Amino acid sequence: NMHEEDFRTMIEENRNSTDDSCAFTHSNIMSAILITIYSIALAGGGIGAIMMSFVLVKMNTLSVTTTAIVNLVVVHSLLLFTVPFRLHYYIKRTWIFKMPFCKMVSAMVHIHMYLTFLFYVITLVIRWLIFFQWKDKVEFYRKLHAIAASAAVWVFVMVFVVPVLYFEYGRSGSYNDTICFKFQEELQQESVKALNYTIIVAVACVTCVLLGLQIFILVKVSRKFSTSLWSHQEFWAQVKNLIFICVIIICFLPYHLFRAYYIQHVKDTELLESYNEVFLSLTALSCLDLLSFVLSGS
């Protein structure tokens, strides 16, 4: 009987240590993935932002597209400023910069994602207006107009979004000062769930509409210039619009689709939380868009 007890205890300890080592291996793999993704975003995004800044300084025109690109440089730079702090945390596994700053760094990924999404949508819509010749050229005739339009978006973010994120983010749970980016207890509130579902549906619908419209336009263009399609500038202009939509589909959509599942199963396993972090980190790769614009000569 004693032997049986010992044997049971041994099996139990073995199982626990296997669970622990699995969790440890899992967290090691997840850390490695997160460090890799954010490092790529930091390097590529940083080079892209610097190169694009030089391109923009040389340009005198301030079209809507240029204005959107200026805003993208700003919003990407804000995110890239917070990335080294994330990398430090993933490498050291301890947050040393106090909780308010953790909230700011954590919120920045979300602010960056939705502002980038917004600037993409505005740029696409205006380029399509030009295509359908509703406007010959949507230029801001005075630089003031471009600055005012951009300022309106940023003021909205600063006045409405940032304070709400700062005061409401991470409020319902008790969080440890040395652990960052773990605010999943918020998702147990019905209002937070509802907001998340609304955003997920909105992003998914807008993405489908953008993709559908762009395909429609490409078909229209290819019918119009069927013989000399590849040498026609209009065709390539529309193909370049696809870069924006591809970034949305590759970087932003997976996070939102996974999040719909994650919200329902947030209490099931801690592994989901790691997967959510990885999908969220993919959104930072949208910083590579500027590099792709510079390299593709657009």
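These legends describe close-up views of a predicted model. Local features need pLDDT of at least 70, side-chain atom pairs count only at pLDDT 80 or more, and totals for chains, interfaces and linings use all residues. Numbering starts from 1 along each chain as its sequence is written, and side-chain values use heavy atoms, with hydrogens and water left out.

**View A. A nonpolar surface patch includes Phe-156.** Val-155, Phe-156, Met-158, Val-159, Phe-160 and Val-162 make a patch of about 560 Å². Patch residues have over 30% relative accessible area and no salt bridge, and nonpolar side chains (Val, Leu, Ile, Met, Phe, Trp, Tyr) are joined within 5 Å. A salt bridge puts a side-chain nitrogen of Lys or Arg within 4 Å of a carboxyl oxygen of Asp or Glu. Areas come from the Shrake-Rupley method with a 1.4 Å probe; for residues, only the protein chains shown count as cover. Phe-156 sits in helix α4 (residues 143–168). Helices are DSSP runs (H or I, at least four residues), strands likewise (E, at least two), numbered from the N terminus.

View B. Cys-208 is in no disulfide; its nearest cysteine sulfur, that of Cys-205, is 6.6 Å away. A disulfide is a pair of cysteine sulfur atoms within 2.5 Å. Cys-251 lies too far from the closest cysteine sulfur for a bond: that of Cys-287 is 9.0 Å away. Cys-208 is exposed at 57% relative accessible area, whereas Cys-251 is buried at 8%. Buried means under 20%, exposed over 50%, partly exposed in between (1.4 Å probe, protein chains only).

Technical notes. Patches are made of residues with over 30% relative accessible area and no salt bridge: like charges are joined within 9 Å, nonpolar side chains (Val, Leu, Ile, Met, Phe, Trp, Tyr) within 5 Å.
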